[in-house]
Amino acid sequence: ASSATHIPTDILKKWDGFILFNPGIGHPNLQESWEATMKFILKTRCTLLLTAHSDIDARRDYAVLKSMIQQQQQQQQASSATHIPTDILKKWDGFILFNPGIGHPNLQESWEATMKFILKTRCTLLLTAHSDIDARRDYAVLKSMIQQQQQQQQASSATHI
């Protein structure tokens, strides 16, 4: 099946979450057989809980999931640069990020798309930080992103008049 295949929204909303016990999605002999299933699960945007036989197994599964999520994000950014359906934005009540390091120079870029999405939801956001320096960096990045978002909204509303 093609990754571009459209899946009706009612099908994607059918589940609350998924638990996979030792799936081995990153194992060289199993990875290909899990690809279509994992793409579907990721499209649902549901909670996913995985267990693993070993640290090596967990690291392989994590690497495959991370790669699939990044590919999915790149495809979404390419196909709908700024549009996020309203039903998705209203799916959450809030977000808690434990020591995310969104302002850290080595992590900032990797957080950009996620933080833009979280800010578009307009949900409560609770962050913790390892240190005062981390807290200040995270705050500065968030403040800048919020200001950019407000400027874009003002520019957009000015053009709709």
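**View 1. Arg59 and Asp55 sit 4 residues apart in helix 3 (residues 55–79), which puts about one helical turn between them.** Helices here are DSSP runs of H or I with at least four residues, strands are E runs of at least two, and both are numbered from the N terminus. The pair forms a salt bridge, with the closest N and O atoms 2.7 Å apart; that term asks for a side-chain nitrogen of Lys or Arg within 4 Å of a carboxyl oxygen of Asp or Glu. Arg59 is exposed at 57% relative accessible area, while Asp55 is partly exposed at 49%. Buried means under 20%, exposed over 50%, and partly exposed in between (1.4 Å probe, protein chains only).

This is a predicted model, where local features need pLDDT of at least 70, side-chain atom pairs count only at pLDDT 80 or more, and totals for chains, interfaces and linings use all residues. Residues are numbered from 1 along each chain as its sequence is written, and side-chain values use heavy atoms, leaving out hydrogens and water.

**View 2. Asp132 and Arg136 meet in a salt bridge (2.7 Å, N to O).** Both belong to helix 6 (residues 132–159), 4 residues apart, so about one helical turn separates them. Asp132 is partly exposed at 49%; Arg136 is exposed at 57%.

**View 3. Asp134 pairs with Arg137 in a salt bridge, closest N and O atoms 2.6 Å apart.** Asp134 is buried, at 15% relative accessible area, whereas Arg137 is partly exposed at 27%.
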